[in-house]
Amino acid sequence: MDLEPIDYLELIGQKTCWYTTVWPLRVGALIGSAGTASLDAITRFGFYLGAAFQIRDDMLNLVGDQTEYGKELLGDIREGKRTLMLIHLLGSASVGERKSLVAFLAHAGKHPDVPDDGALDIDAEGILELMVHYGSLEFAFQFGQGVATAAYESFHDAFADVPPSDSRGFVEALIPYMLARVS
């Protein structure tokens with residue numbers, strides 16, 4: 001099965017976006033409006049905000065500063081997580097490289113005590129090199145910029161009836177923060 005960016009968005013929409021941004025925004029909107037807020041617009045904004053967060057997190061796992069990031073670099077590759085960069089790479093790699101990637105992913109995340117049959121001819125560092133070679137990191141960065149634009153647009157829809165305030169400004173400032181964070 002070939003994965004596309006929409007598959008990535010569906011996955012993170014059901015996980016990270018929901019518990020990191022959609023749910024908290026919906027609860028805040030319900031409490032702040034005494035139950036009168038339009039949850040569709042808030043949900044859309046939360047989805048895009050959460051997607052920007054997750055894309056940035058996936059990028060930091062590959063090229064971030066481990067001290068600031070706080071997690072093992074390349075861990076997502078070693079675990080076989082289907083990130084936006086990996087999906088792009090799978091669609092861009094040569095037939096032979098794709099075969100190696102698929103074999104790696106079949107073994108990814110296995111318990112360290114499970115013996116390796118030695119059939120793998122690529123490792124996490126090699127996969128990162130392929131991502132750089134095929135522009136997968138740049139693709140994800142640009143995709144994240146598009147998601148941020150959608151977040152700004154959906155923010156203005158969701159908060160159209162909310163007068164300017166420090167709180168409204170704080171929520172809007174979350175959009176560029178999600179794209180620029182280092183940890």
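**View 1. G28 in helix 2.** G28 lies in helix 2 of this predicted model. The residue is partly exposed, because its relative accessible area is 39%. L137 is 109 residues away from G28 in sequence. In space, the two C-alpha atoms are 34 Å apart.

**View 2. The whole chain.** Along the sequence the pattern reads α-α-α-α-α-α-α-α-α-α. Its C-alpha atoms fill a box of roughly 60 × 35 × 30 Å along the principal axes. The chain has 183 residues, and 40% of them count as buried. Take the contacts between residues at least 6 apart in sequence: 67% of these join residues at least 24 apart.

**View 3. One face of helix 1 is buried.** Helix 1 spans residues 5–14. Its buried residues are P5, Y8, L9 and I12. Seen down the helix axis, they fall within an arc of 95°, so they line one face of helix 1. An α-helix has 3.6 residues a turn, so residues three or four places apart point the same way. I6 and Q14, on the other side of helix 1, are exposed. What covers the buried residues? The cover includes helix 2 (16–32), helix 3, helix 6 (84–92) and helix 9.

**View 4. Helix 3 against helix 9.** Helix 3 covers residues 39–63, and helix 9 covers residues 136–158. Their axes come within 8 Å and cross at roughly 155°. An angle over 145 degrees counts as roughly antiparallel, and that makes helix 3 roughly antiparallel to helix 9. The crossing is left-handed.

**View 5. Residues at the helix 3 and helix 9 contact.** Helix 3 passes helix 9 in a left-handed crossing. From helix 3, the contact uses A41, I42, R44, F45, Y48, L49, A51, A52, I55, M59, L62 and V63. From helix 9 come L137, A140, F141, F143, G144, V147, A150, A151, S154, F155, D157 and A158. By type, the contact residues are 20 nonpolar, 2 polar and 2 charged.

**View 6. D57 in helix 3.** D57 sits in helix 3. Is D57 buried or exposed? D57 is buried, because its relative accessible area is 10%, and buried means under 20%. Which residues does D57 contact, leaving aside neighbours within four places in sequence? D57 is in contact with Y69, K71 and R181.

Definitions and conventions: Residues are numbered from 1 along each chain as its sequence is written. This is a predicted model: local features need pLDDT of at least 70, side-chain atom pairs count only at pLDDT 80 or more; totals for chains, interfaces and linings use all residues. Side-chain values use heavy atoms; hydrogens and water are left out. Axes are lines fitted to C-alpha atoms, for helices over the stretch in contact, and angles run from 0 to 180 degrees between N-to-C directions. Helices (H or I, at least four residues) and strands (E, at least two) are DSSP runs, numbered from the N terminus. Angles under 35 degrees count as roughly parallel, over 145 as roughly antiparallel, 65 to 115 as roughly perpendicular and the rest as oblique. A crossing is left-handed if the near helix is turned anticlockwise from the far one by less than a right angle, and right-handed if clockwise. Contact means heavy atoms within 4.5 Å. Ala, Val, Leu, Ile, Met, Phe, Trp, Tyr, Cys and Pro count as nonpolar, Asp, Glu, Lys and Arg as charged, and the others, Gly among them, as polar. Buried means under 20% relative accessible area, exposed over 50%, partly exposed in between (1.4 Å probe, protein chains only). The arc is that of the directions from the helix axis to the C-beta atoms.
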